[in-house]
Amino acid sequence: MESVAKMIDHSLLRPELTLDEVRAGCELAARYDVASVCVRPADVTDAVALLKGTGVLVGTVVGFPHGGTTTDGKVAETRIAVAQGAAEIDMVLNIGWLRSGLEEGVEADIRAVVEAADNATVKVILENAYLTDPQKIAGCEAAERAGAHYVKTSTGFAPGGATMEDLALMRAAVSPHVKIKAAGGVRTLDILLAMAAIGVTRFGATATAAILDDQARRSQANTGG
């Protein structure tokens, strides 16, 4: 189970989640030994305390979910999150700027977050549901030039999520050292494995337990256990 588990960022971003639900989500993440939890900024401190020593990283979001926060605001959010112990930052690029052809502004916005994140991993959310294919490519290229570690399909709050076509496009748009994260609609093991086959290495998911339980059942059947 570990190889698939360590590709999953367990998502705890819905605005209505109670603190007890966030804590239960962190406990689930630790039980399944996933890569990380992705929590709301106000929940970072709690998640870091709950997951200390487990091997599960804590990530959070910046400029979420619309991307229209000022660059200074994104930088401040990033610095606070990192100071509180967040190891990963999933930022939303400025969607309106990208749609307006302002690639240099998009790149500068991302670079400012990368610099503020210091050694934390930065994943750039494109929000593909609002973009044309050329805009998706331009966003990926801007993220790579700015030093981001991942490009990511979606917030999970737009009309559409990850698609195989978008993931293939994104994989082709960046160098091999830039990784791909799929989010929005990753609800089954089969979907995850199909996406992994085209080069996706991280997945945002809320159906974490169902996916990993399915993998455990299949592994047990294959070994005759």
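Residues are numbered from 1 along each chain as its sequence is written. Because the model is predicted, local features were required to have a pLDDT of at least 70 and side-chain atom pairs were counted only at pLDDT 80 or more, whereas totals for chains, interfaces and linings use all residues, and side-chain values rest on heavy atoms, with hydrogens and water left out.

The protein chain contains ten helices and eight strands, these being DSSP runs numbered from the N terminus (helices, H or I, at least four residues; strands, E, at least two). Its radius of gyration is 17 Å, close to the 17 Å that the globule rule gives for 225 residues, so the chain is as compact as a globular protein of that length; the radius is taken over C-alpha atoms, and the rule is 2.2 Å times the number of residues to the power 0.38. Along the principal axes, the C-alpha trace spans about 55 × 35 × 30 Å. Of the 225 residues, 48% count as buried, where buried denotes under 20% relative accessible area, exposed over 50%, and partly exposed the range in between (1.4 Å probe, protein chains only). Among contacts (heavy atoms within 4.5 Å) between residues at least 6 apart in sequence, 67% join residues at least 24 apart.

A total of 20 salt bridges was counted, each defined as a side-chain nitrogen of Lys or Arg within 4 Å of a carboxyl oxygen of Asp or Glu. In one of them, the side chains of Lys 181 and Asp 9 meet at 2.8 Å, N to O; this pair links distant parts of the chain, Lys 181 lying in strand S7 and Asp 9 in strand S1 (residues 8–12), 172 residues apart. Lys 181 is buried, with a relative accessible area of 1%, and Asp 9 is likewise buried, at 1%. Both belong to a network of salt bridges that also links Glu 88, Asp 90, Lys 123, Lys 152 and Arg 202.

A further set of salt bridges involves Lys 136. Within helix H7, Asp 133 and Lys 136 lie three residues apart, about one turn of the helix, and form a salt bridge whose closest N and O atoms are 3.1 Å apart. Asp 133 is partly exposed, with a relative accessible area of 41%, whereas Lys 136 is buried, at 8%. Lys 136 also forms a salt bridge with Asp 166, the closest N and O atoms being 2.7 Å apart; since Lys 136 lies in helix H7 and Asp 166 in helix H8, the pair ties together parts that are 30 residues apart in sequence.

Asp 166 itself is buried, with a relative accessible area of 8%, and in helix H8 (residues 164–173) Leu 167, Met 170 and Ala 173 are also buried.

Arg 40 is situated in the loop between strand S2 (36–39) and helix H3 (44–51), and counts as buried at 16% relative accessibility. Its side chain reaches the backbone oxygen of Arg 14 at 3.0 Å. Beyond neighbours within four places in sequence, Arg 40 is in contact with residues including Leu 12, Arg 14, Val 22 and Thr 60.

Methods:
A polar contact is a pair of N or O atoms within 3.5 Å; within protein, one must be able to donate a hydrogen and the other to accept it, and residues adjacent in sequence count only if both atoms are side-chain atoms.
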